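Subject: Handover of a structure, with findings

Dear colleague,

Please find the structure below for your records. My notes on it follow directly after.

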Amino acid sequence: MLRASALYLVIVIALVIGVICSSLVVVAYFYRAEYQKKCRYDKLSHNLLSGVNLLLTTPDAAYLQQTKISLFGAEADSVALQIIAWGIYDIGVVKAFTQQDTIYKAFSIANPVDSGKWAALYIADDDRPLSVSGKTRIEGNAFLPKAGIQTAYVDNKAYEGDKRLVLGKKLTSEKKLPSLDAARLDALDHYFSVQGDKPASMDSLTQSFLKPTKILDFKNKPYTLNNLSLKGNILLHSDTTLTIDSTTKLDNILVFAKAIIVKEGFNGKCQLFASDSIAVGKNCRFNYPSCLGIVRSKTAAFSLQAKITVGETSTISGTVFTWEKSPGEIKPIIRLSKKDTVRGQIYSQHGIAFKDGCVVYGSLYTKYFLYQNSFTLYENYLINVELNSRQLSSYYMGSNLLPAISKKKKILQWLEEN
Amino acid sequence: MAGRKLRIATRVKASTILEVVVSMVIIIAVFGVAMMIYANVTRMSLSGQKIKAQAVLSQVMKNMGSAELSSNQESVIGDFTVERSVKPYDGNNNLIEVDLKAYDKNHIPLAELHQLIIPNNDQ
């Protein structure tokens, strides 16, 4: 016998309708929530990009402290901006936030080359000519002394290169080299007196650029870094010699020490600054953007010669420079060995010594050249060396520390983002 | 054949009139509430037109070239009228503030987008 039970049927139907309605409400809620999330993300992305562009167009001194601003004077358009001086480059940190949502980007900032002033060679005018011999090749514009450039017969070998001697414009150099940026040098010099934490035993350390710089201070104790990986916002400081073994992996960190020794076979990306010397072993590879620099603001009465020496078949992509505020009797020098390659810029406040097969793809500023064979020391001779500015990547960017760099800022490398 | 009595083999138990009335009231109430919920969800849901307008503005901003940063302009893209205004940001001529607004056919604002752009920046 069938039962009528109309109330029972109605409850079942009501339940079904209730479930459908609930589903509808839930679907609408989540759709709306996700859409609002996407809208917020899009808006934050546009604000973040605006913040990045704002950092790239402001003067160097702005935003050294984290500053929060409202971009357009409207709601939900706040960004926090900060520029951190990071060796010869700058680091930009931009955060865009609204309510609980924050997106950020950290990036390094560099300057493109000034094509009007860019040259393969700038040798200060010391009232004597530059002599070339062997398989020397100079490609790109060259600023030469008034006495000019000439071929020479060295080690029983004549000049074997292009008859034009310089494959580019020959321009006249000044008595003095264009100076380095004083503000940047002051900032670098300041790092030699920082104090930080005593390094603990560790095998790897990564520090975000959104956090304060992690300073590891080795003080007066010579130390060797080995089997260690360091990345990001880390500064190593030593008042004496710091040795970097080939088992050490360095990524974007800064090193400030009295003397730095880099062991044979090292491969990494870092900026090394010493007040006395940097000695790089054979077959080392410094990836772009790296830097080797001598910064000496105080010269003692019996100071050793400030120098950068690079072992054979090493490659440096970035910048190599020497600077001494008041050079003593013995001037700072850069010594490259056989088959070394530098992709970027070399600025030697005084001299630079080459060996056979050295290649500089980029730009070289110096006062004089040195070449020494078994018996003789030649001054202002370029022998079996290639200086080629046209082989440098068109995307290369340098630091405003050096001359021939435009004031325009660009993003060198994205470091962190979420 | 005619006049023959219909014989029903099973007996069906009928609902009372009170049961039917209560059922009807409940079902009407449930349907009423369901309709209200549906209407609310439909009313509160996002306008497809606004979403589309926002996407159009993002695309316009992304494709904006240096030549377009020199003057204000109004253009029609699909169903929308896009109004673009450009001005130096905070007195800085190296940085341009671009404001985009999208309107529908009745000139009702649907979406807007603001961004700072460096002119002649190829990165």
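Two strands are said to pair if DSSP finds at least two bridges between them. Helices (H or I, at least four residues) and strands (E, at least two) are themselves DSSP runs, numbered from the N terminus. This is a predicted model, in which local features need pLDDT of at least 70 and side-chain atom pairs count only at pLDDT 80 or more, while totals for chains, interfaces and linings use all residues. Residues are numbered from 1 along each chain as its sequence is written, and chains are lettered from A and ligands numbered from 1 in the order in which they are written.

Sheet in chain B

In chain B, strand β2 (residues 80-89) is joined to strand β3 (residues 92-103) by nine bridges, and the two run antiparallel. Within this pair, B:S85 stands opposite B:D99 of β3(B). Both strands belong to an open sheet of four strands with antiparallel pairing, in the order β1-β2-β3-β4 (chain B). Its edge strands, β1 (73-77) and β4 (109-117) of chain B, each pair on one side only. From one strand to the next, the twist averages 20°. Helix α2 (residues 48-62) of chain B lies across β1, β2, β3 and β4 of chain B and runs at about 25° to β4(B); axes here are lines fitted to C-alpha atoms, for helices over the stretch in contact, and angles run from 0 to 180 degrees between N-to-C directions.

Contact between the chains

Residues count as in contact if their C-beta atoms, placed from the backbone, lie within 7 Å. On this basis, 28 residues of chain A are in contact with 31 residues of chain B. On the chain A side, the elements that give two or more residues are α1 (6-57) and β32 (410-417), and the largest share, 20 residues, comes from α1(A). By class, this side has 20 nonpolar, four polar and four charged residues (Ala, Val, Leu, Ile, Met, Phe, Trp, Tyr, Cys and Pro count as nonpolar, Asp, Glu, Lys and Arg as charged, and the others, Gly among them, as polar). α1(A) also lies across β3 and β4 of chain B, at about 25° to β4(B).

Chain A is divided into domain 1 (27-115 + 403-418) and domain 2 (121-400), with bounds that come from an automatic or database domain assignment. Their C-alpha centres lie 33 Å apart. The contact between them takes 21 residues from domain 1 and 19 residues from domain 2 of chain A. On the domain 1 side, β4(A) gives the most, with five residues.

The largest nonpolar core has 123 residues; such a core is a set of buried Ala, Val, Leu, Ile, Met, Phe, Trp, Tyr and Cys residues joined through C-beta atoms within 7 Å, and buried means that 20 or more other C-beta atoms lie within 10 Å of a residue's own. Among the members that touch the most others are A:V94, A:I253 and A:I346. Strand β18 (residues 249-262) of chain A gives the most to this core, with eight residues. Both domains of chain A give residues to the core, so it lies between them.

Parallel sheet in chain A

Three strands of chain A form an open sheet with parallel pairing, in the order β9-β6-β29. β9 (149-151) and β29 (381-383) of chain A stand at the edges with a single partner strand each, so one side of each is left without a neighbour in the sheet.

Yours sincerely

Definitions and conventions. Two residues are in contact if their C-beta atoms, placed from the backbone, lie within 7 Å. A residue is buried if 20 or more other C-beta atoms lie within 10 Å of its own, exposed if 12 or fewer, and partly exposed in between; C-beta atoms are placed from the backbone.
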